[in-house]
2 protein chains.
Amino acid sequence: MALSKAVAKVYLAGPEVFLRNPHEIGEAKIAICASHGLEGRFPLDGDIDFDGMAIRECGYAIYRGNEKLMLECDAIIANLTPFRGPGMDVGTAFEIGFMRAAGKKIFGYTNSSLTLFDRVLKANPKGLKRRKEPLTGMLFEDEEKLGVEQFGFADNLMIDSAIHESGSTVITGKSKRRERYTHLGAFEDCVRHAAVQLQELNT
Amino acid sequence: MALSKAVAKVYLAGPEVFLRNPHEIGEAKIAICASHGLEGRFPLDGDIDFDGMAIRECGYAIYRGNEKLMLECDAIIANLTPFRGPGMDVGTAFEIGFMRAAGKKIFGYTNSSLTLFDRVLKANPKGLKRRKEPLTGMLFEDEEKLGVEQFGFADNLMIDSAIHESGSTVITGKSKRRERYTHLGAFEDCVRHAAVQLQELNT
């Protein structure tokens, strides 16, 4: 008789929650996870009754649902695709930090093939300025005199490094601009990679 | 004989690390903390020897230093002031999530007096569009058809809610645009508030 193996639960973080129909992409991601032996959990899974709640209380209730869902999972697969600017979604960054301190495995992917540095460069049509007294990894600054990280990372060093220290690496894909929140190629590569790593943990 | 009281250690997170002279503002913040009975710890405190290291390894070393520093602290005071777009700095968001899961107290302040919704609105000169089938707290969407949170929060709901669930609230200040990363009025209000809360924990 074969022993049944525990299926790893994975929290699916990313800016998809801001799409018109987040359930649709959530279900597609969960199906991809299932095809690689993982149980995907999408942030909107929780059934919250918002009836009669003040709008701020709705926000807090969504937060509590997400926090509970994260703690039930063994790992996070985070979508680092840029969101309203050169950097990633703030909520997803929060969740990566949360899962790191909670001792979970962290995986990440992005549909941008550029580094954070190159995206900040693109967002500054007048170019970046070389600093006279640069700090490590910050040779250039933008118009607001804020240093621009140049570590070759996909996003802020806390993100790429947390994923690295967790034993993984950011999976980088490419998609058309208008498909950057819906294209699931890099996501599936990341799921495949996570499935191998999470299986190794179980054996 | 009076008993000596343990001084709470506070991790000082924010986009100040991107300023030309982060040590200067770090020291100013530490001095304000000290004047309210708290021990401030600034992310650049750690002495790392980068000699001969590849640039990515420098990033990982900085990360490990920050992670260690966070775990040594009892609380975080995070600067949520917008950074390269309508939202806050991604590294700081990561750190708030990290400290939340690590069971530390979370405090936050911002030098923007606008809500996230109003800043996204400002960043979209053509305006936002009302959704036909809105989800809770997301009645409008931007040009990329991404929903815009309208919970009355200073930033992404994960941030404001984590601070709320930790027993605090975001302190909102106001500064001139060019002083938004250096003005310390809202920071000092936040330190004052944190000092009271952290003292209550000790008694």
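Contact here means that the C-beta atoms of two residues, placed from the backbone, lie within 7 Å. The model is predicted: local features need pLDDT of at least 70, side-chain atom pairs count only at pLDDT 80 or more, and totals for chains, interfaces and linings use all residues. Residues are numbered from 1 along each chain as its sequence is written, and chains are lettered from A and ligands numbered from 1 in the order in which they are written.

Reader: Which element gives the most to the side of chain A that touches chain B?
Author: The contact takes 49 residues from chain A and 49 residues from chain B. On chain A, the elements giving two or more residues are helix H2 (55-72), helix H3 (90-101) and helix H5 (157-165); helices (H or I, at least four residues) and strands (E, at least two) are DSSP runs, numbered from the N terminus. By class, this side of chain A has 26 nonpolar (Ala, Val, Leu, Ile, Met, Phe, Trp, Tyr, Cys, Pro), 13 polar (the others, Gly among them) and 10 charged (Asp, Glu, Lys, Arg) residues. With 10 residues, the element that gives the most is H3(A).

Reader: By what turn can chain A be laid on chain B?
Author: The superposition is by least squares on the C-alpha atoms of residues with pLDDT of at least 70 in both copies. It gives an RMSD of 0.0 Å, with a shift of 0.0 Å along the axis. The copies are thus related as by a two-fold rotation axis, and the turn is 180°.

Reader: What is the radius of gyration of chain A?
Author: The C-alpha trace of chain A spans about 65 × 50 × 35 Å along its principal axes. For 203 residues, a compact globule would have a radius of gyration near 17 Å, by a rule of 2.2 Å times the number of residues to the power 0.38, with the radius taken over C-alpha atoms. The value for chain A agrees with this and is 18 Å.

Reader: Which strands stand at the edges of the five-stranded sheet of chain A?
Author: This open sheet has parallel pairing and the order S2-S1-S3-S4-S8, where two strands pair if DSSP finds at least two bridges between them. Strand S1 (residues 9-13) of chain A joins S2(A) over three bridges, and Lys9(A) stands opposite Glu39(A). Those that pair on one side only are strand S2 (39-41) and strand S8 (171-172) of chain A.

Reader: Which residue is the bridge partner of Arg130(A) in S6(A)?
Author: Chain A also has an open, antiparallel sheet of three strands in the order S5-S6-S7. Strand S5 (129-135) and strand S7 (147-148) each have a single partner strand, so one side of each is left without a neighbour in the sheet. S5(A) and strand S6 (residues 138-141) pair over three bridges, and the partner of Arg130(A) is Phe140(A).

Reader: How many of the five residues of strand S3 of chain B are buried?
Author: A residue is buried if 20 or more other C-beta atoms lie within 10 Å of its own, exposed if 12 or fewer, and partly exposed in between. Ala75(B), Ile77(B) and Asn79(B) point one way from S3(B), while Ile76(B) and Ala78(B) point the other way. S3(B) runs parallel to strand S1 (residues 9-13) of chain B, joined by four bridges, and to strand S4 (residues 105-110), joined by five bridges. S3(B) is largely enclosed by the rest of the structure, because the number of its residues that are buried is five of the five.
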